[in-house]
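Look at the sequence and the model together before reading on. The notes below take up a few places in the chain, one topic at a time.

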Amino acid sequence: MTLDSAGLVKIPGVNHYEERFLVFLQLLRDPAVRVVFVTSEPIADEVVDYSLGLFGCTRERLTMLDCGSRDPIPLTEKVLRRPDLLAALRALDPSVLVAFNGSPQERALAVRLGVPLFAADPDLAGLGSKTGSRRLFAEAGVPVAPGFDGLRDTGDVVAALADLRAADPAVGSAIVKLNDSFGAGGNVVFSFDGAPGTGLADWVRRELPGRAVFASPPDSWEDYAAKVDEMGAVVERFVTADETTSPSAQVLLVDGAARVLSTHDQVLAGAEKQIFVGCTFPSRAEYRTQVQDMALRAGTVLAGAGVSGIASVDFVSARTGSTWRHFGLEVNLRMGGGTAPYFMLRGLVPGEYDPSTAEFRAEDGTPRSYFATDRVLRPEYRALRPADLIGVLDTERFDAQSHTGAAGYMLSAVEIGRFGVVYVDRDTALATAGYRRVVAGVDALV
């Protein structure tokens, strides 16, 4: 994960995110495929064997390599610093480099190995910035919340906040987003409560440092303002309604074409409900095909611009009465929190995603849903080992006949009190109930 370091350091156990890619061990079911899996530190054999067992695979044609380093720098940088590891990788004659996202470092590694990079070209990164996202949505015909993009510094942010409120005095809150930030790490919510009818800009300038609510604390206005001046920002109306949800879609971009892989509803936490902690698949029936269609429009623009790999397209959906409205939030030119769970489903259940209903259907035609999170998080879990988690997961073990049950991931993160679960069932209510049983079983151990 070669991303904004300020956002990454706020994520507990981020060094264990490399384990998300264990879902791709399912590729070993194809006898023509070899997988070379590179990590910062060795992954425990019991965790690797558990993941292989989920997909009915063995270690044949799997090579595990590691950098022996927990340094807080991107994995790709660690690999590039190791001539011996680079030589070992070249000797294995790989055919493609699959990465979480594409930065100049991933591109440099792909060039050193002489293979194509399955991730977005870093020269196209601007399309996935917050400003780039709003402009891409406009080109794709996807609505966005009222706001302003291309803001260069804190002075522009103050002016944009004042203009947003002046244009509509009913606006209660706004959100400021750093152009190049990861997840909610660059988001600040600002309340207009008590704003005057005149002199708005001066009022905003005075109030902003004290009223800024960081979606992903800790942070300070001084540090944040410096980042705004460095990378720019956007300002948007904070959408409120009778009900709001946060659906997202994953899009596969290959050879100039776009295809939607999934839609899901994000489970968000934090004071301002900005931090991704999990998801349910598929999105709600009331709007999932609409979300799918808007994501496809955005993906088609990305594909036309030459983007390849997996991207996620995030929305906010607002219900007033019985009517839903959807607004594009951002485009992430990388794998997202929903990528590992969706590919877990693909590896566990023979079947296909049905774009006519935006559902996944097993071979017998019945739908499958899941609840997924990699933030099952309690300090007490630090007393456990991956083997303890596997023991509980086995009580709800995924059943190859009914195609329902639990699968764990990021199990090594239990060392900091965290792990992940995907629970597959026939609908999201059953899947959520199954997930809760797994968590109750783990809780019983501590």
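The model is predicted, not determined by experiment.

**Two helices that meet**

- Two packed helices are described by the angle between their axes and the distance between the axes.
- Helix α4 spans residues 83–91 and helix α5 spans residues 104–113.
- The axes of α4 and α5 come within 10 Å of each other and cross at roughly 55°.
- On the α4 side the contact is formed by L86, L89 and R90, and on the α5 side by L109, R112 and L113.
- Sorted by class, this contact of α4 with α5 has four nonpolar residues, two charged ones and no polar ones.

- R288 belongs to helix α10, which runs over residues 288–304.
- R288 has a relative accessible area of 14%, and it counts as buried because the cut-off for buried is under 20%.
- The R288 side chain reaches the backbone oxygen of S283 at 3.0 Å.
- A polar atom of the R288 side chain also lies 3.0 Å from the backbone oxygen of T357.
- With neighbours within four places in sequence left aside, R288 is in contact with T263, P282, S283, T357, A358 and E359.

**A covered helix**

- Helix α11, residues 339–348, is mostly covered, with nine of its ten residues buried.
- The buried residues of α11 include T339, A340, P341, Y342 and F343.
- Further along α11, M344, L345, G347 and L348 are buried too.

**Cysteines**

- How many disulfides does the model have? The count comes to zero, where a disulfide would need a pair of cysteine sulfur atoms within 2.5 Å.
- C57 is buried, with a relative accessible area of 12%.
- C279 is buried as well, at 1% relative accessibility.

**A loop residue**

- Where is Q401 found? Q401 sits in the loop between α12 (386–395) and β19 (405–409).
- Is Q401 buried or exposed? Its relative accessibility is 71%, so it counts as exposed, the cut-off being over 50%.
- Q401 and S308 are 93 residues apart along the chain, and their C-alpha atoms are separated by 36 Å.

Terms used: Residues are numbered from 1 along each chain as its sequence is written. This is a predicted model: local features need pLDDT of at least 70, side-chain atom pairs count only at pLDDT 80 or more; totals for chains, interfaces and linings use all residues. Side-chain values use heavy atoms; hydrogens and water are left out. Axes are lines fitted to C-alpha atoms, for helices over the stretch in contact, and angles run from 0 to 180 degrees between N-to-C directions. Helices (H or I, at least four residues) and strands (E, at least two) are DSSP runs, numbered from the N terminus. Contact means heavy atoms within 4.5 Å. Ala, Val, Leu, Ile, Met, Phe, Trp, Tyr, Cys and Pro count as nonpolar, Asp, Glu, Lys and Arg as charged, and the others, Gly among them, as polar. Buried means under 20% relative accessible area, exposed over 50%, partly exposed in between (1.4 Å probe, protein chains only). A polar contact is a pair of N or O atoms within 3.5 Å; within protein, one must be able to donate a hydrogen and the other to accept it, and residues adjacent in sequence count only if both atoms are side-chain atoms.
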